[in-house]
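Thanks for coming. I will walk through one structure this morning, part by part. Please have the view open while I talk.

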Amino acid sequence: MLSAMVSPFVYFSSSLKPWQATRKFPFLLQEVLYPFEYFWNQSLNLVKGSWGTYFYLVDTAKENVVLKRKLALIEAEITDYEHQVQENSRLRKLLGFADRFNKSLIVAEIVGLSGDSPFQYLRINRGLDSLLKVGMPVLVGSGVVGRLLRIGSTFSDVQLIGDTSFNLDVIVERNRVRGVLKGIGDNRCRLLLHRHADIRINDTVVTSGITGSFPKGLPVGRVIRISYESDDVSQIITIQPWVDNYGLEEVILLRYSDPAIETISEIGGDKWLKDAVGTLSAQLHN
Amino acid sequence: MFNLFISCISFFHKKFLVHLVPRPATGSLALDIFYLVILLGIQFNVIPSLLFFHHIDLLTIWLCYHFIVLAPAPALAMGLIAALMLENHSTVPEGTYICIYWILAIVLNLLRDHLSWRDYSPWLACFFIAGIGVFLFETIVTCVKTGDYGYFTLFIVAQKLLGITLSTLFGLALVQRHFLASGRDLT
């Protein structure tokens, strides 16, 4: 009996990673489930939309006046920014900077969300038909949401930034201190830095763009707590992401391609690159 | 006109909707898997939208019922399929639910001939302990990944216990309707 109970642990992944899109059969069952999820989500949105549009209009008029005023101010700011963008572009050309990356954006609607456990993810209504790739960054206007984890035929799963398997290379915007952000559940993240790194509450953390598929400068979150390890060497920074997962209805997927990775992939091929990364990881573990 | 509308709804309900309500251990593996998919949809979509994004673990209770009522081979097949569906609908590490449901299936299969399932108390104990077991396993996996216990505050634990209690009540209702009331026996 004991051997029967212990035997599945042999299969239990020692790297503790979630299922990836390459395992076809287990993910196929999600293709059956997805139409139910989509139907329920659309029905719920219809009810919410009808209530908000036709019945609950108490504060709509007041909000309309406030928003019109804000819009006028923003239009004036945009005109100013357009001038600055043109000036920036001219200066970059003068100094010989090439475009760092080409990017295009894909908007996706959220169909499902699991946010109340240490394993946090979203399901969106874009899949292989939208030419997505595993690892693509997922954002909204206020910051990073997560990373594309699995892709189905018409839907995909996004690993949220608070998930315990999520890692991201980040820097503190104020003093450019670099570290690896890890999700710790409950929509919180953690950064482990040297004790003497100058970190303050409310410091903003952004993506570093050095490794991975996230371009530089995307807002991630702010520091809400600093504590110190008993070893007296490191400090634990708790980060609150800018994005509130429960309020999301749509997200943006970024087709970001790192030029260095693209060049290596073109010369050596995707298989060679994967093998090289696998060999390097194995050597680092040893 | 109103009567015609009501009779159309009633016909539609009797002909189609009643078959969409999940029933456990129907005797057909394909139908059981179909109801498993519907239950997963209810667990991950319907209940969170009614309970402000918190979900109740109905699948563990559903599987416990199958592990007790069905013969070992079809019960294990159901458990494997349910575990694969759960793992691909979540970001848990590969093999988490395969392990826990395998252990649950083995233990229940060994215990089922030694308990009287004609009473509520073994079912109550079984469902509650299974729910606690799944929660503890997830806890261990989370703590290994994050390296500390900081995630598990009193609020989180209380929330999980409430969820386990509600799923146990669901299990008792399931047992009352499909096992005790129908007078069926273990296969």
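**Walking through the model**

At 65% relative accessibility, A:Leu131 counts as exposed. Before I go on, please keep in mind that this is a predicted model.

Let me stay with A:Leu131 for a moment. Where in chain A does A:Leu131 lie? It is in the loop between strand S2, residues 121-124, and strand S3, residues 137-140. A:Leu131 is not a glycine, and yet it has a positive phi of about 60°.

A:Arg176 lies in the loop between strand S6, residues 167-172, and strand S7, residues 178-185. Its relative accessible area is 45%, so A:Arg176 is partly exposed.

Now to the strands of chain A, starting with a barrel. 6 strands of chain A close into a barrel in the order S1-S2-S5-S4-S3-S12, and the pairing is antiparallel. From one strand to the next, the twist averages 45°.

Within that order, please find S5, residues 156-160. Is S5 of chain A enclosed or open? 5 of its 5 residues are buried, so the strand is largely enclosed by the rest of the structure. As background, side chains in a regular strand alternate between the two faces of the sheet. In S5(A), A:Ser156, A:Val158 and A:Leu160 point one way, A:Asp157 and A:Gln159 point the other way, and all are buried.

What does S5(A) pair with? One partner is S2(A), in the antiparallel sense and over 4 bridges. Here A:Leu122 stands opposite A:Val158. Another partner is strand S4 of chain A, residues 143-151, which pairs with S5(A) in the antiparallel sense over 5 bridges. In this pairing A:Leu148 stands opposite A:Val158. So that you can trace the chain here: a hairpin of 4 residues joins S4(A) to S5(A).

S4(A) also pairs with S3(A). The two run antiparallel and are joined by 4 bridges. A:Leu139 has A:Val144 in S4(A) as its bridge partner.

Chain A has another barrel to look at. Which strands form it, and in what order? The order is S6-S7-S8-S11-S10-S9, 6 strands with antiparallel pairing. Its twist averages 45° from one strand to the next. Inside this order, S7(A) pairs with strand S8, residues 188-194, in the antiparallel sense over 4 bridges. A:Gly185 has A:Arg188 in S8(A) as its bridge partner.

A:Arg147 lies over the face of A:Phe166, 4.6 Å from the ring centre. The charged end of A:Arg195 sits over the ring of A:Tyr228, at 4.4 Å from its centre.

Next is chain B, and its helices. Two packed helices are described by the angle between their axes and the distance between the axes. The axes of helix H2, residues 29-50 of chain B, and H3(B) come within 9 Å and cross at roughly 155°. That angle makes H2(B) roughly antiparallel to H3(B), because angles over 145 degrees count that way.

Which residues meet between these helices? From H2(B) they include B:Tyr35, B:Leu36, B:Leu39 and B:Ile42. On the H3(B) side they are B:Leu58, B:Leu59, B:Trp62 and B:His66.

How many aromatic pairs does the structure hold? Over all chains there are 7. One of them is formed by B:Tyr65 and B:Trp123, and it is stacked, with 5.7 Å from centre to centre and 25° between the planes.

Are B:Tyr65 and B:Trp123 buried or exposed? B:Tyr65 has 0% relative accessibility and so counts as buried. B:Trp123, also at 0%, counts as buried too.

Key. Residues are numbered from 1 along each chain as its sequence is written. Chains are lettered from A and ligands numbered from 1 in the order in which they are written. This is a predicted model: local features need pLDDT of at least 70, side-chain atom pairs count only at pLDDT 80 or more; totals for chains, interfaces and linings use all residues. Side-chain values use heavy atoms; hydrogens and water are left out. Buried means under 20% relative accessible area, exposed over 50%, partly exposed in between (1.4 Å probe, protein chains only). Rings of Phe, Tyr and Trp (its six-membered ring) pair if their centres lie within 6.5 Å; planes under 30 degrees apart count as stacked, over 60 as edge-to-face and the rest as tilted. A charge sits over a ring if NZ of Lys or CZ of Arg is within 6 Å of the ring centre and within 35 degrees of the ring normal. Two strands pair if DSSP finds at least two bridges between them. Axes are lines fitted to C-alpha atoms, for helices over the stretch in contact, and angles run from 0 to 180 degrees between N-to-C directions. Angles under 35 degrees count as roughly parallel, over 145 as roughly antiparallel, 65 to 115 as roughly perpendicular and the rest as oblique. Contact means heavy atoms within 4.5 Å.
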